[in-house]
Amino acid sequence: MTSLMPSAPRSKSAKRRRMEAKLTFLLEDFPRLLTELDPSTPPAWGQMNVQQMVEHMTDAVLVAAGKIPVKLLSPENRLPQMVAFLFSDDPFPQNVKNPLMGETPAPVRNPNMETAIAELKRALETIQQAFAENPEREIVNPFFGPLNYEGQVQLLHKHAKHHLKQFGV
């Protein structure tokens, strides 16, 4: 399976700055915003509570790091369209269905939000390590196909923004 990552933008330095900003958001801002979020905040859509969302994001990060292997679910002929969406400014739609999740959210696995956020931070370190060991590595995402580090960061950034919006952040 070949990568369908978009071609390089005009300026590598601009591309690098955008990626670094998204990475900083994921590593620093996202966990801080989650810490500031009241765990009892109701979702604007969907059924997950705040802690379930944090644990769901942890699982997404572990998939991106290759620690939870998944099979490609999207038909290969749709991957160019999926990757184009991934790198667009379009957000994930509200109530988008994830076939890897059941009709009802999984029960929480951590005793509290603080522990769930700590688990997310460890997962974010794991993805850093996975790609530091092999910068050219591509890891299969079930919906977007094989993604390199830039693609995984783009996906996690878009995913995090989607769930922050879900809880009014």
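Reader: Phe85 first. Buried, exposed or partly exposed?
Author: Partly exposed. In this predicted model, Phe85 has a relative accessible area of 23%.

Reader: Which ring does Phe85 pair with?
Author: Phe85 forms an aromatic pair with Phe92. The centres are 5.6 Å apart. The planes make an angle of 55°, so the pair counts as tilted rather than edge-to-face, which needs over 60 degrees.

Reader: And Phe92, buried or exposed?
Author: Buried. Its relative accessible area is 15%.

Reader: Which other ring does Phe92 pair with?
Author: Phe144. The Phe92 and Phe144 pair is tilted too, with 6.5 Å centre to centre and 55° between the planes.

Reader: Where do Phe92 and Phe144 sit in the chain?
Author: Phe92 is in the loop between α3 and α4. Phe144 is in the loop between β1 (139–141) and β2 (145–147). The pair therefore ties together parts that are 52 residues apart in sequence.

Reader: How accessible is Phe144?
Author: Phe144 has 5% relative accessibility, so it counts as buried.

Reader: So which residues make up the cluster?
Author: Phe85, Phe92 and Phe144 form one aromatic cluster.

Reader: How many aromatic pairs in total?
Author: Four aromatic pairs. Phe85 with Phe92 is one of them.

Reader: What charge sits over the ring of Phe85?
Author: The charged end of Lys158. It lies 4.1 Å from the ring centre of Phe85.

Reader: Which residue lies over the face of Phe25?
Author: Lys161. The distance to the ring centre of Phe25 is 4.7 Å.

Reader: Switching to salt bridges. How many?
Author: Five in the whole structure.

Reader: Which partners does Arg109 have? Start with the 2.9 Å one.
Author: That is Asp59, with the closest N and O atoms 2.9 Å apart. This pair links distant parts of the chain, 50 residues apart. Arg109 is in the loop between α3 (79–86) and α4, while Asp59 is in helix α2 (residues 50–64).

Reader: And the 3.3 Å contact of Arg109?
Author: That salt bridge is with Glu119. Glu119 lies in helix α4, 10 residues from Arg109.

Reader: What about Arg32 and Glu36?
Author: Their side chains meet in a salt bridge, 3.4 Å from N to O. Both residues lie in helix α1, four residues apart, about one turn of the helix.

Reader: Are they buried or exposed?
Author: Arg32 is partly exposed, with a relative accessible area of 40%. Glu36 has 55% relative accessibility, so it counts as exposed.

Reader: What lines the largest cavity?
Author: Leu23, Leu26, Leu27, Leu124, Ile127, Gln128, Val153 and Leu156. By class, the lining has seven nonpolar residues, one polar and no charged ones.

Reader: How many residues line the largest pocket, and which lie nearest its centre?
Author: 45 residues line the pocket. His56, Val96, Lys97, Asn98 and Met101 lie nearest its centre.

Reader: Which helices contribute to the pocket lining?
Author: α2, α3 and α5 each supply at least two residues of the lining of the largest pocket.

Reader: How does the pocket lining split by class?
Author: The pocket lining has 24 nonpolar, 15 polar and six charged residues. Lys97, one of the residues nearest the centre, belongs to the charged class.

Definitions and conventions: Residues are numbered from 1 along each chain as its sequence is written. This is a predicted model: local features need pLDDT of at least 70, side-chain atom pairs count only at pLDDT 80 or more; totals for chains, interfaces and linings use all residues. Side-chain values use heavy atoms; hydrogens and water are left out. On a 1 Å grid over the protein atoms alone, a cavity is a set of points where a 1.4 Å probe fits but cannot get out, and a pocket is an open set with protein on both sides within 12 Å along at least five of seven lines; lining residues have an atom within 4 Å of a point. A salt bridge is a side-chain nitrogen of Lys or Arg within 4 Å of a carboxyl oxygen of Asp or Glu. Buried means under 20% relative accessible area, exposed over 50%, partly exposed in between (1.4 Å probe, protein chains only). Rings of Phe, Tyr and Trp (its six-membered ring) pair if their centres lie within 6.5 Å; planes under 30 degrees apart count as stacked, over 60 as edge-to-face and the rest as tilted. A charge sits over a ring if NZ of Lys or CZ of Arg is within 6 Å of the ring centre and within 35 degrees of the ring normal.
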